[in-house]
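Good morning, and thank you for coming. Today I shall speak about how two chains meet. Please look at the model on the screen.

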Amino acid sequence: MLKKTLKKVKEVCPLIHNITNYVTVNDCANILLACGASPIMADDIAEVEEITSICGGLTINIGTLNERTIESMILAGRKSNLLNHSVVLDPVGVGASKFRTNTVEKLLKEIQFTAIHGNVSELKALAIGSSSTTGVDANINDKITQSNIQEVVQLAKNFSKESQAIIIVTGAIDIVCDANQAYIIKNGHPMMSKVSGTGCMLSTMITAYLTANPDDKLLASATAVILMGLAGELAFNRLSEYEGNLTYRDLIIDEIYNMDGNILEQKAKYKIC
Amino acid sequence: MLKKTLKKVKEVCPLIHNITNYVTVNDCANILLACGASPIMADDIAEVEEITSICGGLTINIGTLNERTIESMILAGRKSNLLNHSVVLDPVGVGASKFRTNTVEKLLKEIQFTAIHGNVSELKALAIGSSSTTGVDANINDKITQSNIQEVVQLAKNFSKESQAIIIVTGAIDIVCDANQAYIIKNGHPMMSKVSGTGCMLSTMITAYLTANPDDKLLASATAVILMGLAGELAFNRLSEYEGNLTYRDLIIDEIYNMDGNILEQKAKYKIC
Amino acid sequence: MLKKTLKKVKEVCPLIHNITNYVTVNDCANILLACGASPIMADDIAEVEEITSICGGLTINIGTLNERTIESMILAGRKSNLLNHSVVLDPVGVGASKFRTNTVEKLLKEIQFTAIHGNVSELKALAIGSSSTTGVDANINDKITQSNIQEVVQLAKNFSKESQAIIIVTGAIDIVCDANQAYIIKNGHPMMSKVSGTGCMLSTMITAYLTANPDDKLLASATAVILMGLAGELAFNRLSEYEGNLTYRDLIIDEIYNMDGNILEQKAKYKIC
């Protein structure tokens, strides 16, 4: 199943529109190419509707949110909804400022997202208005562990029901769920948190997977998450002792580029609950 | 000849002003350094004329075009024209939105470009108002092949006559021409299309080559195109089987950094027609 | 001492707020992660005060200065001053345009910087209003050598007294000083000038070091400078003959990631005067 989902992205070559931050945008472009999709970045209000119309999916990432592009996000999101495109939200740092929190509220009101991807702190900020977000990384007290995993899954399922979107929560353990069912995924490597933008890259790869696999959105999202985590594992194994986080970034994207569907099936670590 | 053109860039160390997109800007800066030039990025209307005045050439790239910088492009372009600097346009995605198309029309009216570099879809959008552009990559139906190459060359020559600029069209086969003469270049590797920004990087490297070699602009542009293609070939040969598109990006820039003029002469694959 | 300073950054994991340019921002994020800190980039006037409040330090870099973010810089800087956070200024290209020069004057008036980091041309533009800046790199006539080093140190000390900030001047030889004392540092490698953003990366790493080591700010700044220079040396030694400036960039950040405190002590080349 994972194998077929991965293959589909390479066959369809979905063109993904990104309204995203200027920090990790280049890696987002290259990871889309790596997985078989194509990127286009466009954020001016004068063209976002037209650009999103020629694409198959849209990623909205608020990493370096600014007034100029909020309206662009809304216009592109609404247009994508009209065209039945997949739209993914990465609410980077929501809860860290009123500006981010209010903007995400507005986006959630104006746009029907297909999926929403964040860390636990961001999920909490969205789902229960918690303000534990202390930046773009999850608050250390929000770590997903064996002991709180069921609680986080329930929170995610509830928020999925409320938002009508697939919820993806990434951390030491990853959760991909709709209102009824959750993938609990254990692929990944702790060093991924030392690479800027692994979350952003995953978000736009989820858009590509959803766009190419619209018939099983939960599986599509879960496959992208497993793929990213496995790439992190395999890339770590290739890292020599004197290499560090920047080479690691390159190798993660390289692994996505070379990923074999059979390896993905074999090394996937998940259960459904 | 190619060797001398390459050497000249390293001797002159031209400072190149870039008003470009935020996706591939870092790679553009580093490829300029790799080839012996220096980058400066500045896009605020309050300083572009002054900045371009201390530079030798200007690259205008509309990859993430926005209202704020159009006027900056025009001011910098006009100033560069007054100073007789080389000015290169990369009309990324022209034809994909009215905003891009209208802006490029405006830029062509206000600025005399030394060279214009795009893919076939972008050339068609510019030269005949075709709207086959489906993003930032060439439409698959616009692929340059042995059977349509003469037709594309003629189109490029006509557009060169009209725009009074050297026209560079890149794809599986590359064309560099003025109204009378064309270099048909076959260096390059298909995997280059899996790296975000190879087109942008080439555009600003063309600016550097034109700036350092103002006496033979066609040769200068062709040398930059051959150099980029050859770097793609050599980098591909160095790629191990588990490396992918991000390592490939690094190796391409590395090859530019290390390029030997004799190797460039020997491995160049082009004819003039 | 250097060892302890380096260790402290990894223990404290300071969250650093960056208002910076879009050229080298990704490398700045990754070098912060490499040295044990965390990055957040946020530049909208609506959130900069809140964001800087959850951080430990702030880096202001004017590399791609634009009207939209000047007020954000001032608001974030003032808030940081109120909270007694470390604030570092990288006045990229000051002297190259009136816009940059006037903005830096304004920033210096409105914000008390903890440290200011630039090249010699930028220092001269700030300290004596010289206009030798010819871009983002130091003017070649401004090279620090054995024969002019005392003169530059005196200039830096005077400017430190005037600005009440630690002054860091980097080039072939680096200077880190307050009004009374200067570290003269000889770590580094000439090839670092072929990597876009080594200066920007160092600036934000200085912020991280200051934030984690507030009790000896001069030592903290000097340690960051030595670390960057040593990383450049060690990375150069790992470079194979066919690798160039982009692999070098990756290896420099990798070396920061892996730096051992004992090696840093052993290989540091500095004297205090």
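A salt bridge is a side-chain nitrogen of Lys or Arg within 4 Å of a carboxyl oxygen of Asp or Glu. This is a predicted model, in which local features need pLDDT of at least 70 and side-chain atom pairs count only at pLDDT 80 or more, while totals for chains, interfaces and linings use all residues. Residues are numbered from 1 along each chain as its sequence is written, chains are lettered from A and ligands numbered from 1 in the order in which they are written, and side-chain values use heavy atoms, with hydrogens and water left out.

By the salt-bridge rule, 2 such bridges cross the interface of chain A and chain B. In one of them, B:Arg100 pairs with A:Glu47, and their closest N and O atoms are 2.8 Å apart.

How many residues are in contact (heavy atoms within 4.5 Å)? On chain A there are 32, and they meet 32 residues of chain B.

The copies use different surfaces, for 12% of the contact residues of chain A recur in chain B.

Technical notes:
Contact means heavy atoms within 4.5 Å.
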